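Work through the exercises below with the sequence and the 3D view at hand. Each task is followed by a solution in steps.

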Amino acid sequence: MSYKLGLLLSMFFLVQVFLLGGDLASITAIHNQIDAIALTAGYQISLQGSLTQSIVNMVQEEAGARIYYVNEEQRYKHYGETVVFLVSKDYKPFVMSHETMTITVRRSAVIGYFA
């Protein structure tokens, strides 16, 4: 009889562990997705010279994420200078937190490097 009670109690913890594993797998997948789109956006920023509306739209459509400069004064850079930008996406976890988490990737691009 006691093994049944132990089994019922352990099922609660097992479900919690599976939900935590699901959170970790989802966070990893989102991080990989926005890392890939940040790489593409960095290439486009390097070619076009700044963060244009077409790049913002591409990031929004492809990954459902936001892209923005770390500092707004980096908006006007010249050939050979480095611009630093962030790509972020919100995630509502199962059990890790009661609040929405923001997953962010920080990347940089050299203006005109690929051109």
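A residue counts as buried when its relative accessible area is under 20%, as exposed when that value is over 50%, and as partly exposed in between. The model used here is a predicted one.

**Exercise 1. Decide whether Ser88 is buried or exposed, and list what it touches.**

Step 1. Locate the residue: Ser88 belongs to strand S2, which covers residues 82-91.
Step 2. Apply the cut-off. The relative accessible area of Ser88 is 0%, so Ser88 is buried.
Step 3. Look for contacts, leaving out residues up to four places away in sequence: Ser88 touches Ala65, Arg66, Tyr68, Thr102, Ile103 and Thr104.

**Exercise 2. Describe helix H1: its span, its buried residues and what they pack against.**

Step 1. Helix H1 runs over residues 2-48. It has 47 residues and reaches 69 Å from its first C-alpha to its last, close to the 69 Å expected at 1.5 Å a residue.
Step 2. Pick out the buried residues of H1: Asp23, Ile27, Ile30, Ile34, Ile37, Ala38, Ala41, Gly42, Ile45 and Ser46.
Step 3. Find their partners. The buried residues of H1 pack against helix H2 (53-63) and against strands S1 (66-69), S2 (82-91) and S3 (101-110).
Step 4. Check what follows the helix: after H1 comes Gly49, with a positive phi near 95°.

**Exercise 3. Work out where the buried residues of H2 lie around the helix.**

Step 1. The buried residues of H2 are Ile55, Val59 and Ala63.
Step 2. Viewed down the axis of H2, these residues fall within an arc of 40°, so they line one face of the helix.
Step 3. Turn to the face directed away from the buried side: it carries the exposed residues Gln53 and Glu61.
Step 4. Ask what covers the buried residues of H2; the cover includes H1, S1 and S2.
Step 5. Just after H2, Gly64 has a positive phi of about 65°.

**Exercise 4. Find the salt bridges and state which parts each one ties together.**

Step 1. As background, side chains of opposite charge can pair when their charged atoms come close.
Step 2. Searching the whole structure gives two salt bridges.
Step 3. One is between Arg107 and Asp35, with the closest N and O atoms 2.4 Å apart. Because Arg107 lies in strand S3 and Asp35 in helix H1, the pair ties together parts that are 72 residues apart in sequence.
Step 4. Judge the cover of this pair: Arg107 has 30% relative accessibility and is partly exposed, and Asp35, with 26%, is partly exposed.
Step 5. The other is between Asp90 and Arg66, with the closest N and O atoms 3.5 Å apart. Asp90 lies in strand S2 and Arg66 in strand S1, so this pair ties together parts that are 24 residues apart in sequence.
Step 6. Judge the cover again: Asp90 is partly exposed at 40%, and Arg66 is partly exposed at 37%.

**Exercise 5. Identify the residues of the nonpolar surface patch and classify Leu24.**

Step 1. Leu24 is found in helix H1.
Step 2. The relative accessibility of Leu24 is 45%, so Leu24 counts as partly exposed.

Conventions
Residues numbered from 1 in each chain as written. Predicted model: local features only at pLDDT ≥ 70, side-chain atom pairs only at ≥ 80, totals over all residues. Heavy atoms only, no water. Patch = residues over 30% accessible without salt bridge, like charges linked within 9 Å, V, L, I, M, F, W, Y side chains within 5 Å. Areas by Shrake-Rupley, 256 points an atom, 1.4 Å probe, with all protein chains shown as cover. Salt bridge = Lys/Arg side-chain N within 4 Å of Asp/Glu carboxyl O. Helix = DSSP H or I, 4+ residues; strand = E, 2+ residues; numbered from the N terminus. Buried < 20%, exposed > 50% of the residue type's maximum accessible area, 1.4 Å probe, protein only. Expected span 1.5 Å × (residues − 1). Contact = heavy atoms within 4.5 Å. Arc of directions from axis to C-beta.
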